[in-house]
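Look over the backbone first, then the ligand site.

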Amino acid sequence: GLGLDTVRGFLTREEDTVVFSLIERAKHPLNLPAYDDRACFGPAGRHGRRNGSFVELFVRESEQIQAKAGRYQSQQEIPFFQSRVPFTLAPPYNFTTDLHPAAASVNVNDAIWGMYFSELLPQLANNGSDDGNYAVTAASDLACLQALSRRINYGRYVAEVKFRGDQQRYTPLIRSKDKDALMKLLTSQTQEDVVKRRVEKKAMVFGQDVTLDGPTETGDDNSSQSSFKVAPSAVYELYDRWVIPLTKQVEVEYLLHRLD
Ligand SMILES: O=C(O)C(=O)C[C@]1(C(=O)O)C=C[C@@H](O)C=C1
């Protein structure tokens, strides 16, 4: 079943996905035109509606095909753009439903979207300004967004486990809608420190150039920040400023609906 070790294990494994997706995005230049709402390449004209930026279009259409394939039948996955596309490409699969139904759809995808494009991306994409290769760039944005969304919105599962493990303390706080007290009760500063230091280390391990000669250890010779594909301190900061706080926001929102 679901326990604190299991859900923390999931978050730990998700860190790999998050860090790798950031490393992949860092390969490409910023490619600003792909994010411009007014740049009207794409089929905007043909369909007579505004499609937003190229990346927005890419994400929306990618999510539609993935919806058809059944991706969002899993409660672990929440699309950035809700659509009513029925899933028709895959046989139905019996996903587990561990979440409380009234709280299962709690998510902070809008905040993740805003954070990714205005805070994270400008910092991440420093490998030149524009190579015109927007399709590959958008695909790696989608991978980052999906990894971050899955990790952060997994706060629903963490909250479910914490609620089940301590119903006597959570129930009155939920009834009185005491967000601050809920936040305090679910917080473990020790665990947050472990997570932040571990993702920083993962950025060092995954983001170094691997060669056959020379030392294999990190931390001794030339492992300055600039020799990593993504700055380890930037990954630490991403978790400190955004990933963990947003996860906790999801946990609180979930708990507020846990007794509905
Ligand atoms: O592991 C937990 O207990 C969580 O709630 C997850 C998490 C995190 O986002 O990593 C969030 C809040 C806690 O203070 C510690 C860690």
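**Backbone, fold and ligand shell**

N31 sits in the loop between α1 and α2 (44-47). This is a predicted model.

**Positive phi**
- N31 is not a glycine, yet its phi is positive, at about 55°.
- N31 has 22 other C-beta atoms within 10 Å, so it counts as buried; the cut-off is 20 or more.
- K177 lies in the loop between α7 (167-175) and α8 (179-186).
- K177 is likewise a residue other than glycine, with a positive phi near 50°.
- K177 counts as exposed because it has 10 C-beta neighbours inside 10 Å; the limit for exposed is 12 or fewer.

**Overall fold**
- The protein has 10 helices and zero strands.
- Its pattern along the sequence is α-α-α-α-α-α-α-α-α-α.
- The C-alpha trace spans about 60 × 55 × 35 Å along its principal axes.
- Buried residues make up 30% of the 260.
- Of the contacts between residues at least 6 apart in sequence, 74% join residues at least 24 apart.

**Ligand shell**
- Around the ligand are R8, L11, V158, L186, T187, S188, Q191, E192, V195, I244, T247 and K248.
- Two or more shell residues come from each of α1 (4-25), α9 (189-206) and α10 (232-256).
- By type, the shell holds five nonpolar, four polar and three charged residues.

Note on methods. Residues numbered from 1 in each chain as written. Predicted model: local features only at pLDDT ≥ 70, side-chain atom pairs only at ≥ 80, totals over all residues. Near = placed C-beta within 6 Å. Helix = DSSP H or I, 4+ residues; strand = E, 2+ residues; numbered from the N terminus. Nonpolar A, V, L, I, M, F, W, Y, C, P; charged D, E, K, R; others polar. Contact = placed C-beta atoms within 7 Å.
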